[in-house]
Amino acid sequence: MTAAPLGPVVVAGGRGDVGTMLAAALRRDGNRVHILDPTCADDAAPQEGSSDMAIRADIMAPTPAAESVLRAAATVVLAVPEPVALAALPPLAALLPPDALLVDTLSVKTAMADAVHSGLPDRAALGINPMFAPSLGMAGRPVTAVVYRDGPPVDRFVAALRRWDARVVPVGADEHDRVTATTQALTHATVLAFGLALDTLDPPAAADTTAPPPHMLLRALLARVASGVPEVYHDIQAANPYAAQARRALRSALDELDAAADDNRIDAFDTVMTRASTALEPGLDRYRAICGQLLTMLPSAPPGPDLENGGPR
């Protein structure tokens, strides 16, 4: 099956993880891809072995070289933080061809949906959100797709995502933000709160060396999240209109757990555990099986200097 052309493509923020992933996929389809990024080393320098350009530019205030490629673009991808994407709409409205497609990769969609409808009229526009770290690869993984304004370019881009083996999940802008408040904001808040609690407790070293598998798994999740890009995680917590509600639910749940632990009746704690497991229905058994598989994959001892260096165990 021949890939429908999407180029020339401009990827603003093309030096970031998501921008790099999408630029590579677009190039594999045969599209000409230009990168706009303040971290590019050279202004309007051709990519090695191709006619693609790497332009040192801020999408909010494009340089003449950036303006040139934007005027000729068939697709523009904004792989940038939300404040940058919103501020970029006025210059893009003046530069983009009438038939160009705008794509954003923001973690929050409602503000962008409103801004596109008011500030970028009559152009096809799509919001996508890869629900995974780009290092994991796109194959089989979910990518949410919010259609701000439909058109043939939107259909071609969604078809490309499916051709790249992404599992495209169409959602509305508000639905997207309600979903990600649960799947991202709540998850990250839980993991980071676990890390803050560990720091407050200052547990003895034996807590690491004797950690049972669930605790080790939480430490691994903490290491991954806490090593991420702060701007990305901040956007998820601060910009999502439903994230504060998710954090309040987490605080309330801890209060409920406290009350059940302080109660001398086992049935109170049983009620808490039952309520918690009910949230996973009807997939409780499937998630239990997934956890079993993950725990068997964990090392039998925590990673330490001796193990990492091949020393005594």
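My entries follow in that order.

**Ground rules.** I am working with a predicted model, where local features need pLDDT of at least 70, side-chain atom pairs count only at pLDDT 80 or more, and totals for chains, interfaces and linings use all residues. Residues are numbered from 1 along each chain as its sequence is written, and side-chain values use heavy atoms, with hydrogens and water left out.

**Strand β5.** I took helices (H or I, at least four residues) and strands (E, at least two) as DSSP runs numbered from the N terminus. I looked up β5, residues 75–78, and found both faces covered. Thr 75 and Val 77 are buried on one side, Val 76 and Leu 78 on the other. Buried means under 20% relative accessible area, exposed over 50%, partly exposed in between (1.4 Å probe, protein chains only).

Next I checked its neighbours; strands pair if DSSP finds at least two bridges between them. β1 (residues 9–12) pairs with β5 in the parallel sense over four bridges, and Val 9 has Thr 75 as its bridge partner. β6 (residues 101–104) also runs parallel to β5, joined by four bridges. There, Val 76 is partnered by Leu 102.

**Helix α4.** I listed the buried residues of α4 (residues 110–119): Thr 110, Met 112, Ala 113, Ala 115 and Val 116. They pack against β5, α3, β6, β7, β8 and α6.

**Helices α10 and α11.** How do α10 (residues 243–262) and α11 (residues 266–278) pack, and at what angle? I read about 150°, with the axes 8 Å apart. Axes are lines fitted to C-alpha atoms, for helices over the stretch in contact, and angles run from 0 to 180 degrees between N-to-C directions. So α10 is roughly antiparallel to α11 (over 145 degrees counts as such). Glu 256, Leu 257, Ala 260 and Ala 261 meet Ala 268, Phe 269, Val 272 and Arg 275; contact means heavy atoms within 4.5 Å.

Most residues other than glycine have a negative phi, and most peptide bonds are trans. I noted the exceptions here. The bond joining Gly 7 and Pro 8 is cis, with omega about 5°; Pro 8 sits in the segment before β1. Glu 281 to Pro 282 is cis too, omega near 10°, in the loop between α11 and α12 for Pro 282.

Asp 122 has a positive phi near 65°. I placed Asp 122 in the loop between α4 and β7, exposed at 69% relative accessible area. Asp 165 has a positive phi of about 75°. Asp 165 lies between α5 and β9 and is partly exposed, at 48%.

How values were computed: Parallel < 35°, antiparallel > 145°, perpendicular 65-115°, else oblique.
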